[in-house]
Amino acid sequence: MENYQRILANNFLNGVSETILTMTGFDLDLYECEFLEKEYDISGIIFMSGFKNAAFNISISQREALILVSYMTGIEQDKLSDQEITDGIMEILNVSAGRAKSKIEDLEKKFKISTPMLIIGKELLFKIKNNIDFFEYRLGGNNVNIRIGIYYI
Amino acid sequence: MRLLSVDDSMVVRKIIKAAVAVLDFDLEEAENSIEAFEILDKFNGVIDLVLLDWNMPGLSGYELLNALKKDIKYREIPVMMVTAESSKESIVNAIEAGAVNYMVKPFTMEELIKKIMECIGKGEA
Amino acid sequence: MNSTLTDSEFKLFKKYIEEKCGIDIPEEKSYLIEIRLSKILADSGLRSYEELFYDIRQRDDKFVSEKIIDSITTNETLWFRDKSPWIVLEELMLPIFISEIRNNKRDKVRIWSAASSTGQEAYSTAICIDNYLNKNEIKDVDISKFEILATDISNEVLEVAKNGKYDSISIIRGLDPNYKNKYFDKNNMVWQIKKNISKIVKFQRFNLQNSFMLLGNFDVIFCRYVLIYFSDKLRKDIFSKISFSLNNHGTFFLGASEIYTDTENYFDIHRYKNGIHYKRKVIQK
């Protein structure tokens, strides 16, 4: 049980860094996360159900999302629409979770993932319940920081 | 050549459009299966390749693939899956259902362009 | 048709491919094999993967083996990837090449981009040379004194490379904005490399498993981010062939993250400004 939680978390983490590297060219480093209570402008979440139930989260500032999506699409930052920015972050989340799911399925565990959802605002705080199992990390470098969380329900 | 991208993500369609432009092809875009059928009807099935996402609202890409392969008007149009769905089972299912190629997301522009060319038989020895 | 590829069948193919093609299939790329095999099976008219395995093995089909290498080794090629090879070229090698050309000690400089993919490495090299000649106001040595051969196993990527057209996403990966405007023409969404750069680059299909003899000798060889997929045996064979293809004082570049323990058997290792380059080993008599 414990083991699967770790494998799933790693698959998602690898999924996010692989997706960002491939889609934007940004090779980011992974850090253990130390700032759960920092504010972000965009928080995305996707749920996974099956052998284990989990929620995957990525959070990012608006400015950094702009940089990522600009590299992802080849569209200059000042020409990107809000919809393109949110769509780009949603796609990173969706592809990362899809990769995590497929890798776990090759180990013969069946999972379903929900559609990704984004919460957009200004300096939003991300809170979780006490006493749940979770893994939190930060992917950073090249002026981009992304918070990644995996929460077991 | 005219290609059709069926993907609910606008950003993915833009990326595909950029690749297709390099090859001097036209790209039609559909957000879901309903729009995909509208475009297929509009061009009377004269589409050289469909690039198909798996997880979409409404009919999934896999369901759309099966529907196309049963449709006498559209069954000959080559379809490549373009999806984060990469388990062995999914790949085998899609190829069995008649997909000519399979592109796993995330992909680089090189991989995308190369696979499009493989599908339409350009550059093959 | 029984087309469920079992784990044991997959392992059988994986082992065969590793032996036959000299390719070590990394876990994250194994799906590419599955795609290839599913397609080959569908086209073959055979009934099962087991039949396909024996069929491929019996026919010892080179086409299949090349297709497999092709599918595994497609890599992203950024403009000026790792930066350091072009710093070495500009600061250490070009001054010598140019002085040798001026003094009639050499006629041409030959450079090989050995896994060129869509051409960014070869064109980056041509841009680097042109920029150096301009910057230093060198008028008596023409860029046509430099010959760049770019090869790849994939016909598809070579076709793209030859056209020299790049999308707006690839064009920003590693390319200085000044170079973008100086060396490319923009046409709608597409960036086309200028003729004065593309004219010194020749593209040719080539499988690194084959003999290098017919390609001639080179002053500089780039063979980056492709040997990572090859078995120890094939990699050693390629190192040996590269060292024979290099002229005296010739230079060889690997990718920045590629560290192999056996390079020193074939090359002298040089370090310059955070980068490593390799020179043909001088045999002491």
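Colleague: How much space lies in the largest cavity?

Modeller: Bear in mind that this is a predicted model. Rolling a probe the size of a water molecule over the atoms shows where empty space is left. The structure holds eight cavities of 30 Å³ or more. For the largest cavity, the space comes to about 290 Å³.

Colleague: Which residues lie nearest the centre of the largest cavity?

Modeller: By class, its lining divides into eleven nonpolar, nine polar and seven charged residues. The lining of the largest cavity has 27 residues, and those nearest the centre are Thr73(C), Ala115(C), Ser116(C), Asp152(C) and Val226(C).

Colleague: How much area do chain B and chain C bury between them?

Modeller: The contact takes 30 residues from chain B and 37 residues from chain C. The size of an interface is often given as the accessible area lost when the parts come together. Here 61% of the buried area is on carbon and sulfur atoms, and the total is about 2900 Å².

Colleague: Which element of chain B gives the largest share of the side that touches chain C?

Modeller: The rule finds four residue pairs in polar contact across this interface. On the side of chain B, two or more residues come from each of α1, α4, β5 and α5. The largest share is eight residues, and it comes from α5(B).

Colleague: How far apart are the closest N and O atoms in the salt bridge of Lys165(C) with Asp24(B)?

Modeller: Across the interface of chain B and chain C, the rule finds two salt bridges. A salt bridge needs a nitrogen and an oxygen within 4 Å. Between Lys165(C) and Asp24(B), the closest such atoms are apart by 2.7 Å.

Colleague: Which element gives the most residues to the lining of the largest pocket?

Modeller: The largest pocket has a volume of about 1000 Å³. Its lining has 33 residues, with Glu18(A), Leu21(A), Thr22(A), Glu76(C) and Arg81(C) nearest the centre. At least two lining residues come from each of α1 of chain A and α2 of chain C. The most, five residues, come from α1(A).

Methods. Residues are numbered from 1 along each chain as its sequence is written. Chains are lettered from A and ligands numbered from 1 in the order in which they are written. This is a predicted model: local features need pLDDT of at least 70, side-chain atom pairs count only at pLDDT 80 or more; totals for chains, interfaces and linings use all residues. Side-chain values use heavy atoms; hydrogens and water are left out. Contact means heavy atoms within 4.5 Å. Buried area is the accessible area (1.4 Å probe) that two parts lose on being put together, summed over both. A salt bridge is a side-chain nitrogen of Lys or Arg within 4 Å of a carboxyl oxygen of Asp or Glu. A polar contact is a pair of N or O atoms within 3.5 Å; within protein, one must be able to donate a hydrogen and the other to accept it, and residues adjacent in sequence count only if both atoms are side-chain atoms. Helices (H or I, at least four residues) and strands (E, at least two) are DSSP runs, numbered from the N terminus. On a 1 Å grid over the protein atoms alone, a cavity is a set of points where a 1.4 Å probe fits but cannot get out, and a pocket is an open set with protein on both sides within 12 Å along at least five of seven lines; lining residues have an atom within 4 Å of a point. Grid points are joined across faces, edges and corners, and a volume is the space filled by probe spheres set on the points. Ala, Val, Leu, Ile, Met, Phe, Trp, Tyr, Cys and Pro count as nonpolar, Asp, Glu, Lys and Arg as charged, and the others, Gly among them, as polar.
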